[in-house]
Amino acid sequence: MKELSLHILDITQNSIRAQAKLVRLVIIESLANNELTIIIEDDGCGIPADRLQNITDPFVTTRTTRRVGLGLSLFKAAAEACGGFFEISSTPGVGTKVVGTFMRDHIDRAPLGNMADTILTMVMSFGETDLNYEHDYNNQLFVFNTREIKEILDVESLNEPDILNWIREFVQEGLEEIMEENIYGKVLSRTKSDS
Ligand SMILES: Nc1ncnc2c1ncn2[C@@H]1O[C@H](COP(=O)(O)OP(=O)(O)O)[C@@H](O)[C@H]1O
Ligand SMILES: [Mg+2]
């Protein structure tokens, strides 16, 4: 896939299909370790141990609409092609955690993509499910939590044009802030092509 955000959207849709109430998305970018890590964790139905073993085999799917499941296998392949690794753990009735790490400056690493738009797409498609997004850029943390925002605004759903516009700006500005605050990061990202 052209952008890692497309993997993120795809894998969070697994969580929605698994009837998660809360999806946690954590992105950790460490320039010092030359690492980018993506964690997607949910409290959905989980995966039985016997199916978890070969879950990244493209022919493993519980879909009935098509016979191949590609989301996890593509994400695993992307991470491994970039000197990273993939991990999935799951407990039936508790939830599932997917981790992918990438060598950040690996020539084959796809750009992350526009996270403000990605978060917006998630909020719009999540229905009742809440999202907790944490982005750590060189130890600067940005957090976006839909439960908190629903409480502050005293609304049940964030799926309103005004709220969505505000969310996009909030995420965009929050991410710009954590990325700017780090001069070391700034220098590195300007001397290296990030695409
Ligand atoms: N977060 C999750 N919770 C429960 N089951 C999951 C989760 N992620 C994946 N699965 C199971 O693993 C299968 C393979 O997932 P994936 O590779 O994304 O392919 P697809 O979604 O097309 O089936 C899914 O069909 C589903 O049964
Ligand atoms: Mg999938």
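Student: What should I keep in mind about numbering and confidence?

Tutor: Residues are numbered from 1 along each chain as its sequence is written, and chains are lettered from A and ligands numbered from 1 in the order in which they are written. This is a predicted model, where local features need pLDDT of at least 70 and side-chain atom pairs count only at pLDDT 80 or more, while totals for chains, interfaces and linings use all residues.

Student: How many helices and strands does the chain have, and what makes a run count as one?

Tutor: There are seven helices and six strands. Both are DSSP runs numbered from the N terminus: a helix is H or I with at least four residues, a strand is E with at least two. Along the sequence they follow the pattern α-β-β-α-α-β-β-α-β-β-α-α-α.

Student: Why is Leu175 called buried?

Tutor: Leu175 has 21 C-beta neighbours inside 10 Å, so it counts as buried. The cut-offs are these: 20 or more other C-beta atoms within 10 Å of a residue's own make it buried, 12 or fewer make it exposed, and anything in between is partly exposed, with C-beta atoms placed from the backbone. Leu175 lies in helix H6. Over the whole chain of 195 residues, buried residues make up 28%.

Student: Which residues does Leu175 contact, leaving aside neighbours within four places in sequence?

Tutor: Its partners are Met115, Ala116, His135 and Phe142. A contact here means C-beta atoms, placed from the backbone, within 7 Å. Leu175 and Leu141 are 34 residues apart in sequence, and their C-alpha atoms are 8.7 Å apart in space.

Student: Why is Gln19 called exposed, and why is Asn139 called partly exposed?

Tutor: Gln19 has 12 C-beta neighbours inside 10 Å, so it counts as exposed. Asn139 has 14 inside 10 Å and therefore counts as partly exposed. Gln19 is in the loop between helix H1 (4-17) and E1, and Asn139 is in the loop between E5 and E6. Each is a residue other than glycine with a positive phi: near 60° for Gln19 and near 70° for Asn139.

Student: How do you know that E5 and E6 pair, and in which sense?

Tutor: Two strands pair if DSSP finds at least two bridges between them. E5 and E6 have six bridges, in the antiparallel sense.

Student: How do helices H4 and H6 pack?

Tutor: Helix H4 (residues 115-125) and helix H6 (residues 161-180) have axes 8 Å apart, at an angle of about 145°. Axes are lines fitted to C-alpha atoms, for helices over the stretch in contact, and angles run from 0 to 180 degrees between N-to-C directions. By class, the contact has ten nonpolar, one polar and one charged residues. Nonpolar covers Ala, Val, Leu, Ile, Met, Phe, Trp, Tyr, Cys and Pro; charged covers Asp, Glu, Lys and Arg; the others, Gly among them, are polar.

Student: How many residues are in the largest nonpolar core, and what makes a set of residues a core?

Tutor: It has 29 residues, and those with the most contacts inside it are Ile8, Leu25, Ile40, Ile119 and Leu131. A nonpolar core is a set of buried Ala, Val, Leu, Ile, Met, Phe, Trp, Tyr and Cys residues joined through C-beta atoms within 7 Å.

Methods: Contact = placed C-beta atoms within 7 Å.
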